[in-house]
Amino acid sequence: MSRFPFILPFYHAVSDEDSLHLKHLFHVKSIKDFTADVEFMSKRYKFVDLTEFYNHAKTSFKNIVKPIAHLSFDDGLRECYDVIMPILIEKGIPATFFINSGFAGNKEMLFRFKASILKEYLKSDFGAHNIDHKYKSLMQMDYSDDHLLEKIAFDLGISFKDYLIRVQPYMNWEQIKELQKNGFTIGSHSIDHPEFRKIALNSSVRQIKESFDRIVNHIDIKIRAFSFPFTDSGLSVDVFDEIFNSKLVDITFGTAGLKNDVIPMNFQRIPMEWNYKANEILNYYKAKSIARSILRRNIINR
Ligand SMILES: [Zn+2]
């Protein structure tokens, strides 16, 4: 069997248009580049749906003949419905979409999106070299700094509410239901995207429980799949014990690339939003993983 019996590539959006809330965060792939990525991966891997991945995970990937891949998308962005769904349907590729229950329907938005919008606004206002000096901390702001981003926006006369209405960065529940009707799975990505290592255990539990409660109000889910916002790095065994033992989750996902984890049903995914082709990104993560394995450092101990 291959050294890598499975890969878990993940994205947020695919678009041929610039969007202010994403442009300073990661490289959004064009339709052409994303299509090339999935075509490449289809040749090397068998794309499976979440149920099949889950069943293989439960049997430690023992029955795998050809390496498998499960594709996922974080944050529940509108491009998932508008752009990604039609491509995946056409190619017959299954996927899971991880939703922020507090952002679905464009009620609110991730603080990082606000920072990206402000950065773009300030860049055009003051010129690129000045803002780095003046607002260096903008992109380093944290979940707890949301009020600061709101204050800067207020001072500049920018309304995030207007932006949410005008741009509709997120899917609404009808679109999320439509994804499920087309055979895709829906998972949770928390209520409002905190970094879990920076919040208390009871807040982590609340973020997971309430986001699922909200999702199951709209759709039925068979497997409770959760992807940690930002990263699961630094999370202790206690957090995993709590959420798995209380059956809040059946399977969870991180973003550390090709690493193994001491938590049996927590799996690391590969961030694909770099300005490189899928084969280059996968080769990079494979090389890193092999190097770490030689140094016996490829297992995340918690
Ligand atoms: Zn996210």
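Is Lys161 buried or exposed? Lys161 is exposed, with 12 other C-beta atoms within 10 Å; here a residue is buried if 20 or more other C-beta atoms lie within 10 Å of its own, exposed if 12 or fewer, and partly exposed in between, with C-beta atoms placed from the backbone. Keep in mind that this is a predicted model, where local features need pLDDT of at least 70, side-chain atom pairs count only at pLDDT 80 or more, and totals for chains, interfaces and linings use all residues. Residues are numbered from 1 along each chain as its sequence is written.

**Domains**

- The chain splits into domain 1 (6-109 + 172-300) and domain 2 (111-164), with bounds from an automatic or database domain assignment.
- Between the C-alpha centres of domain 1 and domain 2 there are 27 Å.

**The nonpolar core**

- The largest nonpolar core holds 68 residues, and Phe73, Cys80, Phe97, Leu179 and Ile270 have the most contacts inside it. Such a core is a set of buried Ala, Val, Leu, Ile, Met, Phe, Trp, Tyr and Cys residues joined through C-beta atoms within 7 Å.
- Helix α4 (residues 111-126) supplies the largest share of this core, 6 residues. Helices (H or I, at least four residues) and strands (E, at least two) are DSSP runs, numbered from the N terminus.
- Domain 1 and domain 2 both give residues to this core, so it lies between them.
- Beyond its neighbours within four places in sequence, Phe97 is in contact with Phe73, Gly76, Cys80, Leu179, Phe184 and Ile186.

**Strands**

- Strand β6 (residues 95-99) pairs with β7 in the parallel sense over 4 bridges; strands count as paired if DSSP finds at least two bridges between them.
- Across that pairing, Phe98 sits opposite Gly187 in β7.
- In strand β7 (residues 185-188), Thr185 and Gly187 point one way, Ile186 and Ser188 the other, and all are buried.
- A separate topic is the open sheet of 3 strands, ordered β1-β4-β3 with parallel pairing.
- β1 (6-7) and β3 (46-47) are at its edges with a single partner strand each, so one side of each has no neighbour in the sheet.
- β3 and strand β4 (residues 68-69) are joined by 2 bridges, and Lys46 has Ile68 in β4 as its bridge partner.

**Helix α10**

- Val239, Phe240 and Ile243 are the buried residues to look at in helix α10 (residues 237-245).
- They cover an arc of only 95° around the axis, which puts them on the same side of α10; the arc is that of the directions from the helix axis to the C-beta atoms.
- Cover for the buried residues of α10 includes α9 (201-218) and β11 (266-268).

**Residues worth a click**

- Lys161 lies in helix α7 (residues 160-167). Lys161 and Lys107 are 54 residues apart in sequence and 8.1 Å apart in space, C-alpha to C-alpha.
- Ser190, in the loop between β7 and α9, has a positive phi near 85° and counts as buried with 28 C-beta neighbours inside 10 Å.
- Lys247 follows α10 with a positive phi near 60°, and is exposed, with 8 other C-beta atoms within 10 Å.

Technical notes
Contact = placed C-beta atoms within 7 Å.
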